[in-house]
Amino acid sequence: MGKRKTVWLLVFALAFTLYGLHPERAGAASVTITNGTDWLDTAGNPIHANSGNILQVGSTYYLYGEHAVGGKFDSVNVYTSTDLKNWTFSNAILTKDSATELASSKIERPKVIYNASTGQYVLWAHYENGTDYNLGRVAVATSSTPNGKFTYEGSFRPLDYESRDMTVFVDTDGTGYLVTASRKNGGANDTMAIFKMNASYTGIQSFEGWLFENAYREAPAVVKKGNRYYLFTSQAAGWYPNQGAYATATSMTGPWTALTPYGNPSAFGTQIHDIATIQGSSTTSYIYMADRWNPMNLGEHKHIWLPLTLNDANGTASLEWYTTWNIDAATGQITLPALVNHAQGKAASASSTASGSSPSLVNDGNYQTSWVASSNSWPAWWQVDFGAPKTITEVDISWFMYKGSEGYYKYKIEISNDGVNYAALDRTNNLTYGFTTDAVHFTARYVRINMVNAVLWNNPGNWYTPTLHEVKMLGPSNPEATSYSQFVSHNVPDRMIRHANYVARIDANVSPALDAQFRVVPGLASSSGISLESINYPGYFLKRNTSNKIVLEAFANTTAYKGDATFLISPGWADSSKVSLQSFSQPGYYIRHYDYVLQLDTVNASSSTTVKGDATFARMNF
C-alpha cells in the first residue's frame, strides 16, 4: 500500500497537467474574445464605442462607436487593431464641439463607410436633440482619412421620412443604402424603410420601399454573402433585450422573406448593431456585434461579439452563445470552445407542468419551445438528471420575457449527487433580463433551477407564470472525478478532514459521512495543483479565508477564489508515503490542524515534529 501511494505522489502532478482540460492552444495570431466583461483598450481604459461598426483598411481594423455622458452625445470614437482583440484608442472623430447642433444632442448607432469613387470616409448616425426622440433625423460627416477629424455636414430627414435606428450598407457594385426604422401608419418605428444613397454617400437619391409593415422593428444590420442579403433587426422594446429576427433577399430592394427568429428569445440579452465580415486568407467569417444594455443603468454597457453562421444552401442564419471563442484575423478562422451541453436530451422533471407543456422542452436544444408551470405560484423548479456525475463549468438560462412587461428572475442553482441532498448557488441577486450565464464549477448528477421569484419592472405584483425556454449546462466531455477521497490525520489517525458548518476540521466518526468526502479535481487556479470539492455540497470547495482558516465556500469565478482553493500536493512532511497540501496562493503555507480546526501555517524543515505531523495526511479511497 505504501509503495502504491509513493508512486501516486510521483505521477500526481503530471497526471493533472495532462488532464485534458486545457483550452485549445491556437496559433499566435488567434485571440480570445470574451463576452459579458468590461472591454479595455491597450492603455487600460474602457472602450467607449457603442453601437458602431468595423471598417478594414489594409491590415488594420477600425472600430467606430458612440460615447454618451449623462444620456447626451459626447463623441464618436475610433480604435485600431490588427487582431480584433487588442484595440488602441486613435481619435474622437466627431464630438459635441464639432458643430453647434451637436452641443446638446443624441448621436446613436454611428456607422462609417468608404466611398471608393470620392476617396472619402462617410459617417452616418441617428440624430436627435438632447431631450427627446421627436426629430427622427440622420446626421452625416466626412473625412479623407479613417481616423481623422470628420467634418460635420448636418442632419436631415431622408426625403422627409422619419429615421431612427439605422444602418448603412455599401453593396458590391458600389451602391450605398440606408436602412432605417421609420413611420408609415402613424406609430414611431412602426415600419422600416430602405433608401438608396447619392453617389457621394452624403445624401439620399431615392426611396426604395417599406419593410415589415407595422412590425415595429429597429436596430437593423445588413450583411451580404454571395448573392444573398441578410437583414437582422430587433423588436422595438426600448432598452430591453428581445427576440431578434432576420429576413433575406437576392436584392437590397427586395422582395424580402418573412422574419425568422435567431438566437434565443432575448438574443442572448443583446441588441444587434452590426455584422462584421472578416475576410481572411483561408476563410471568411462573420461576427455578430451587439450591445448589452442594463435598462436600470444605461451607463452599464457590455460589448457582445458572437460568431454568426450564414448557411449558403438554404439561406438561413444561426447564432449561438459562447462566453469565450477564438478568431484569427489573418486567416479568418474561428475556433469554438470544446464544451459539451450535458443537459441536452437528458431526463427532466419539474415542480408542476401546464397542459401541453413538458419539462423536456427546456433541454431539447430549441430556444423557441418552453416548459410552463401549472400555475403562477412561486417558487417553482425544473431539474435535469445527467444519469451520472458530470462536470459543469457554465450554466446558461434563457428566461421567459413578455414584450412591454419584462421581468428578471431571482433564482438558485441547486446541485445534488443523490437527488435528495442539495447544495445551492444563490443567484437571487440577479438583475439581468432575458438571459443569464453563470460561471460555475461542480461535478454532480442532478441540477435544479429553483425559480424563487420574478421582478417586473413596471408591475410590482408579479403575474408571471414560471417559464423556461432553454437551459444549457456546459462542461468538458469527461468528468473531472467520479469518486471521492478522504484525508486522515497523521498525528490523530482516527480523525479525518471534514467540513462542519462550513468550517474545515478533523473529527472521528463523521456523521453524515459525506461531510468527510471530497472529489479531488484539477486545481482551479493551476492544473499543477488540486482542489477539493465537497461531495454533499457540490460546487463548494475547501479554501483559505482572509484569516488563513480553511473553510468551505461556494465557487466564485475570481482569480482570488481559485488561488485560495488550489493546493500543491507533495510528499508528507512526517511520512513521505502520505501527503501535505501547500497553499497555491500562499507559498510555504500548508494545511494543518490546530485544536482540530484546519488552518494554514508555515511548515519547513526546521518545523517541530508535531507541526509536521499536523500537516501530513493519508489519502484514502483513490
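The legends below describe close-up views of a predicted model. Residues are numbered from 1 along each chain as its sequence is written, and side-chain values use heavy atoms, with hydrogens and water left out. Because the model is predicted, local features need pLDDT of at least 70 and side-chain atom pairs count only at pLDDT 80 or more, while totals for chains, interfaces and linings use all residues.

**View 1. An open sheet of four strands, in the order β10-β11-β12-β13.** Strands here are DSSP runs of E with at least two residues, and helices are runs of H or I with at least four residues; both are numbered from the N terminus. Two strands count as paired if DSSP finds at least two bridges between them. Strands of a sheet pair through backbone hydrogen bonds, either parallel or antiparallel. In this sheet the pairing is antiparallel. The edges are β10 (166-170) and β13 (204-211); each has a single partner strand, so one side of each is left without a neighbour in the sheet. On average, neighbouring strands of this sheet are turned by 20 degrees against each other, direction ignored. The angle is taken between axes, which are lines fitted to C-alpha atoms; angles between N-to-C directions run from 0 to 180 degrees. Six bridges join β12 (residues 191-197) to β13 in the antiparallel sense. K196 stands opposite S206 in β13.

**View 2. A buried strand, β36 (residues 530-534).** A residue is called buried under 20% relative accessible area, exposed over 50%, and partly exposed in between (1.4 Å probe, protein chains only). Five of the five residues of β36 are buried, so the strand is largely enclosed by the rest of the structure. I530, L532 and S534 point one way from β36, whereas S531 and E533 point the other way. Strand β35 (residues 518-522) runs antiparallel to β36 and is joined to it by five bridges. V521 stands opposite S531 in β36.

**View 3. A nonpolar surface patch made by Y133, W239 and L298.** The patch covers about 260 Å². Patches are made of residues with over 30% relative accessible area and no salt bridge; nonpolar side chains (Val, Leu, Ile, Met, Phe, Trp, Tyr) are joined within 5 Å, and like charges within 9 Å. Areas come from the Shrake-Rupley method with a 1.4 Å probe, and for residues only the protein chains shown count as cover. Y133 is found in the loop between β7 (120-129) and β8 (137-143). With a relative accessible area of 32%, Y133 is partly exposed.

**View 4. A salt bridge between K225 and D312.** A salt bridge is a side-chain nitrogen of Lys or Arg within 4 Å of a carboxyl oxygen of Asp or Glu. The structure holds 21 of them. In the pair shown, the N to O distance is 3.4 Å. K225 is in strand β14 (residues 217-225) and D312 in the loop between β20 (297-311) and β21 (316-319), so this pair links distant parts of the chain, 87 residues apart. K225 is partly exposed, at 21% relative accessibility.

View 5. The closest N and O atoms of D564 and R544 are 3.1 Å apart. D564 is buried at 12% relative accessibility, and R544 is buried with a relative accessible area of 12%. The side chains of D614 and R592 meet in a salt bridge of 3.0 Å, N to O. D614 is buried at 8%, and R592 is buried at 9%.

**View 6. Two cis peptide bonds.** The bond from W378 to P379 is cis, with omega near 0 degrees. P379 lies in the loop between β26 (371-372) and β27 (380-399). The bond from S511 to P512 is also cis, with omega near 0 degrees. P512 lies in the loop between β34 (503-507) and β35.
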